Amino acid sequence: MRRRPVAALLLLAALLCACGSPVAEPGPPPEGVVRIASYDFAENQTLAEVYAEGLRRAGFEVAVQHGIGTREVVFPALEQGVVDVVVDYLGAASEFLQAGAGTSSHDPAVLRDGLAATLAPRGLTVLAAAEAEDQNGFVVLTDLAVRHGMTTLSQLAGLAPQLVFGGPPECTERRFCLPGLREVYGMEFAAVRSMPSRSATVEALLTGQVDVGMLETTDARLTDASLYLLRDDRSLQPRENVVPLVRTELADDGGEPLRAALDAVSAQLTTIDLIGLNRSVAVDGRTPAEAAARWWDGR
């Protein structure tokens, strides 16, 4: 695990101040305010809003800070008490903390228990995981897949040296992205391009700037018939059920009402819901908060 707590806390404190949040600096939250932070991509921002609304409906006051950064920034902030809740994914969080932990089991319950055991000494509590799951997916144009008879990542491997890959900047370091493709599939690309967003990745695929793109498997744009999601036939990806991580001090102080409110959200959230939430933002143009409100209105 790479940890840069001082830099992370300074950055997050600056962001908290800049966003005009009622929580303006590190330290204990104002009484009654639960601080939720999201990672730097739209789905996680939407999930933060979904769980935040669940807490509000249970009577908690909530402040949400969006797009704070990657795990290298957010995890130290959570451990140090700069934020209180992060909505994460089982396999990726487990792997981030301990190499190999993300694929130690294909049973979400086992992964959740392992993650809980790892985080307990760090003052963090892992709540119930949702059925909703989102894995890394690797996408090509349907035309390319048809021309080469590709349906799986194994079939992509032989063609990869002729192709350009596009994905998020951290993809070069994440085990379940480029390093995993290299290790599990023996995949090497002609070039790798860093994409600033998932929307940019889709645009780069459609315009021929890249040939293979990393998108989440719940990305609503995968309903576009021109994009083809290749099957992970060697099971590189771990189970990635959505799971809230909470500062243990807050979980204890908030007691059963706080835990119950977050668990109730997880109990309702499905993968189909997640695709719908993503579509609401990426295709229909709603904000994460608007998408979350629409989801709750449909309960």
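Q: Is F96 buried or exposed?
A: In this predicted model, F96 is buried, with a relative accessible area of 11%.

Q: And what about F75, buried or exposed?
A: F75 is buried as well, and its relative accessible area comes to 1%.

Q: How many aromatic pairs does the structure hold?
A: There are five aromatic pairs in the structure, and one of them is formed by F75 and F96, whose rings are stacked with 5.4 Å from centre to centre and 25° between the planes.

Q: OK, moving on, what do W295 and W296 form?
A: W295 and W296 form an aromatic pair that is edge-to-face, with 5.1 Å from centre to centre and 85° between the planes.

Q: Why does W295 count as buried?
A: W295 counts as buried because its relative accessibility is 7%, and the cut-off for buried is under 20%; W296, at a relative accessible area of 10%, is buried too.

Q: Which residue lies over the face of W295?
A: That is R299, which lies at 4.1 Å from the ring centre of W295.

Q: And what lies over the face of Y39?
A: R71 lies over the face of Y39, at 5.0 Å from the ring centre.

Q: Last topic: which residues do ring pairs link into a cluster?
A: The cluster consists of F138, F165 and F189, linked by ring pairs.

How values were computed:
Residues numbered from 1 in each chain as written. Predicted model: local features only at pLDDT ≥ 70, side-chain atom pairs only at ≥ 80, totals over all residues. Heavy atoms only, no water. Phe/Tyr/Trp six-rings, centres within 6.5 Å; stacked < 30°, edge-to-face > 60°. Buried < 20%, exposed > 50% of the residue type's maximum accessible area, 1.4 Å probe, protein only. Lys NZ or Arg CZ within 6 Å of the ring centre and 35° of its normal.
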